[in-house]
Amino acid sequence: MKNTNLLLIKILMIVMALFLMNGIYAQTTTNTEQTKASETEQKKTNWIDEITSRVTPYGSIRIGAGFAEEGEIGISNNAPRIGLKFKHALSNNETENFNVIGGIEFGVNLVSRDDTVEFAVDPGAGIAQVGDAVFTRLGFVGVSYQDFEFTFGKQNSVYYTMGATEIDRFLAFGGAAIGVWNISDGGISGTGRANQVFILKYEKNGLSLGAQAEARNISENSESVDTYGFGANYKIGGFGIGVGYNKVNDGVEDPLPNQAKDGDEAFVTSASFEKDRFTVAASYAILKQHQQVGDIFYDATGIEFYARYKFSTNKRWHVAAGFNYLKPDDDQNLGDFDTKFGIAEVGYNFKKSSHVFAAANIDYSEDGNGDRRNQSIFGVGIRFGF
C-alpha cells in the first residue's frame with residue numbers, strides 16, 4: 001500500500017512538472033511572438049514616420065463673393081490651392097546639407113468662375129482651367145546643396161519670386177501692371193508659373209539670386225533655351241528690393257494660344273518697407289510685346305503701389321490701399337486704352353496665413369475711344385491657410 005501511494009505521488013509530480021513546463025513554454029512562445037509583432041509594428045511605424053517626416057502638406061482655401069456696380073452678383077475662386085513639399089537628405093553628414101527636393105501644387109475650382117465678378121490676385125491665371133475641378137499649378141523636382149537649389153518642372157519664375165514678390169500683397173485684386181500673368185498663368189512666356197523650366201537659385205544672408213531657362217519646344221522657332229530670365233532680391237531689416245528680367249527666344253509673329261509672341265521681353269523692379277504696424281511697397285515694369293488685348297500684343301509701362309496699416313492693439317486688423325496702372329507706349333496705336341484702378345481693403349487675420357476681408361476695386365480703365373471698359377467690384381472674401 002505504501003509503495004502504491006509513493007507511485008501515485010511520483011506520477012502526480014511528473015504531471016505537474018509537465019504542466020508547468022508547458023505553461024512556461026507557452027508563455028515564452030507568446031512573449032516571443034508578441035515581441036516579434038511589436039518589432040514588426042515598430043518597423044512599420046518607423047517606415048511611415050520616416051516617409052511622412054519628409055513630406056509637408058499645405059493648402060489655402062480662397063473664395064470671394066461680390067457685386068459689380070451695375071448689379072451683377074457672383075461668387076469667385078481667389079486662387080485656392082493644395083500641395084505637398086518634399087525634402088530628403090542624401091548625406092548623413094548634416095553639415096553637407098545635400099537634399100533631394102520637390103513639390104506639387106493643385107489649383108481647386110471650388111465654385112464656377114464668374115468673369116464679371118472676379119476676385120483674384122493673379123488676373124487671368126485661372127482662365128485656362130475653366131471647368132476643371134482640379135488642375136496642376138506647380139510640379140517640380142531637384143536638389144539642394146547648402147545655399148544652392150537646382151530644380152526642374154513647372155515653377156514660380158525668378159521674375160516673380162525675386163522681382164515682383166515685394167508688391168504682391170493684396171488679398172484680392174492687384175497684379176495687373178507687373179507682367180507676371182500675361183497669358184493665362186504666365187507659363188508660356190516664363191514670367192509666372194513657368195513651364196518646363198530649369199531654375200538655379202542661391203540664397204544667403206538676405207540675398208537671393210536666380211536664373212532660369214525654359215525648354216518647351218512648342219513653336220517652329222524652338223531653341224534649346226526657349227526663354228530665359230534672371231532675378232535678384234535683397235532683404236535687410238524691414239527693407240526689401242528686387243529685380244526680375246525675362247526674354248522669349250522662340251516667339252512667333254502670330255502666336256497660337258500656347259505660343260509666345262516674337263519680341264516678348266519683360267523687366268520689373270519692386271521695393272517694400274515694413275516697420276511695426278506700417279507697410280509700403282511699389283513696383284515699376286517695362287514690358288515689350290508682353291501684354292495682350294484681343295489679338296494685339298503691345299509695349300507698355302506699369303506701376304503698382306500698396307500701403308497697409310495694422311490698426312488694432314493685437315495687430316490682427318488692417319486697412320490697405322493702393323493702385324494699378326498699365327499704359328501702352330504712345331507708338332502702339334491703341335488710342336486711350338489703359339488699365340487703371342484703385343484698391344481698398346480691410347481685413348482680419350484670425351490665424352497664420354488666414355484672413356477674412358472686404359475689398360473694393362474702383363476701376364477707371366479706358367478702351368481705345370476713352371470710354372470706361374470695366375465695372376468697379378465690391379465684395380468680401382476668406383483666405384484660410386493650413
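This is a predicted model: local features need pLDDT of at least 70, side-chain atom pairs count only at pLDDT 80 or more; totals for chains, interfaces and linings use all residues.
**Buried charges, salt bridges and paired strands**

Visitor: With which residue does Arg-216 form a salt bridge?

Guide: A salt bridge is a side-chain nitrogen of Lys or Arg within 4 Å of a carboxyl oxygen of Asp or Glu. For Arg-216, the closest N and O atoms of the pair are 3.6 Å apart.

Visitor: What is the nearest side chain of opposite charge to Asp-226, and how many Å away is it?

Guide: Lys and Arg count as positive and Asp and Glu as negative, while His and the chain ends are not counted. Asp-226 is buried yet has no salt bridge. Its contacts (heavy atoms within 4.5 Å), leaving aside neighbours within four places in sequence, include Glu-214, Val-248 and Asp-250. The nearest side chain of opposite charge is Arg-216, at 4.5 Å.

Visitor: Where does Asp-226 lie?

Guide: Helices (H or I, at least four residues) and strands (E, at least two) are DSSP runs, numbered from the N terminus. Asp-226 lies between two such strands, strand 8 (207-214) and strand 9 (227-236), in the loop.

Visitor: How many strands does the protein chain have?

Guide: Buried residues make up 39% of the 386 residues in the protein chain. Among contacts between residues at least 6 apart in sequence, 60% join residues at least 24 apart. The secondary structure comes to two helices, and the strands number 17.

Visitor: How many residues apart are Lys-204 and Asp-147?

Guide: Lys-204 forms a salt bridge with Asp-147, the closest N and O atoms being 4.0 Å apart. The pair links distant parts of the chain: Lys-204 is in strand 7 (residues 193-204), and Asp-147 is in the loop between strand 5 (134-145) and strand 6 (148-156). Lys-204 is partly exposed at 40% relative accessibility, and Asp-147 is partly exposed with a relative accessible area of 28%. Their separation in residues is 57.

Visitor: Is Glu-253 buried or exposed?

Guide: Glu-253 forms a salt bridge with Lys-261, the closest N and O atoms being 3.4 Å apart. Lys-261 counts as buried at 7% relative accessibility. Glu-253 has a relative accessible area of 51%, which makes it exposed.

Visitor: How many salt bridges does the count come to?

Guide: Some of the charged residues are linked in a network: Lys-154, Asp-185 and Arg-193. The count of salt bridges comes to 15.

Visitor: Which side chain is joined to that of His-318 by a polar contact of 3.0 Å?

Guide: His-318 lies in strand 14 (residues 317-328) and is buried, with a relative accessible area of 6%. Not counting residues up to four places away in sequence, His-318 touches residues including Leu-171, Phe-311 and His-355. A polar contact is a pair of N or O atoms within 3.5 Å; within protein, one must be able to donate a hydrogen and the other to accept it, and residues adjacent in sequence count only if both atoms are side-chain atoms. The side chain joined at 3.0 Å is that of Glu-345.

Visitor: What is the bridge partner of Gly-347 in strand 16?

Guide: Two strands pair if DSSP finds at least two bridges between them. Strand 15 (residues 339-351) and strand 16 pair in the antiparallel sense over ten bridges. Seven of the ten residues of strand 16 (residues 354-363) are buried. Gly-347 has as its bridge partner Phe-357.

Visitor: Which residue in strand 17 stands opposite Ala-359?

Guide: Strand 16 and strand 17 (residues 377-385) pair in the antiparallel sense over seven bridges. The residue opposite Ala-359 is Gly-379.

Visitor: What is the phi of Phe-173?

Guide: Phe-173 is found in the loop between helix 2 (158-164) and strand 7. Phe-173 is buried, with a relative accessible area of 5%. Although Phe-173 is not a glycine, its phi is positive, at about 70°.

Methods: Residues are numbered from 1 along each chain as its sequence is written. Side-chain values use heavy atoms; hydrogens and water are left out. Buried means under 20% relative accessible area, exposed over 50%, partly exposed in between (1.4 Å probe, protein chains only).
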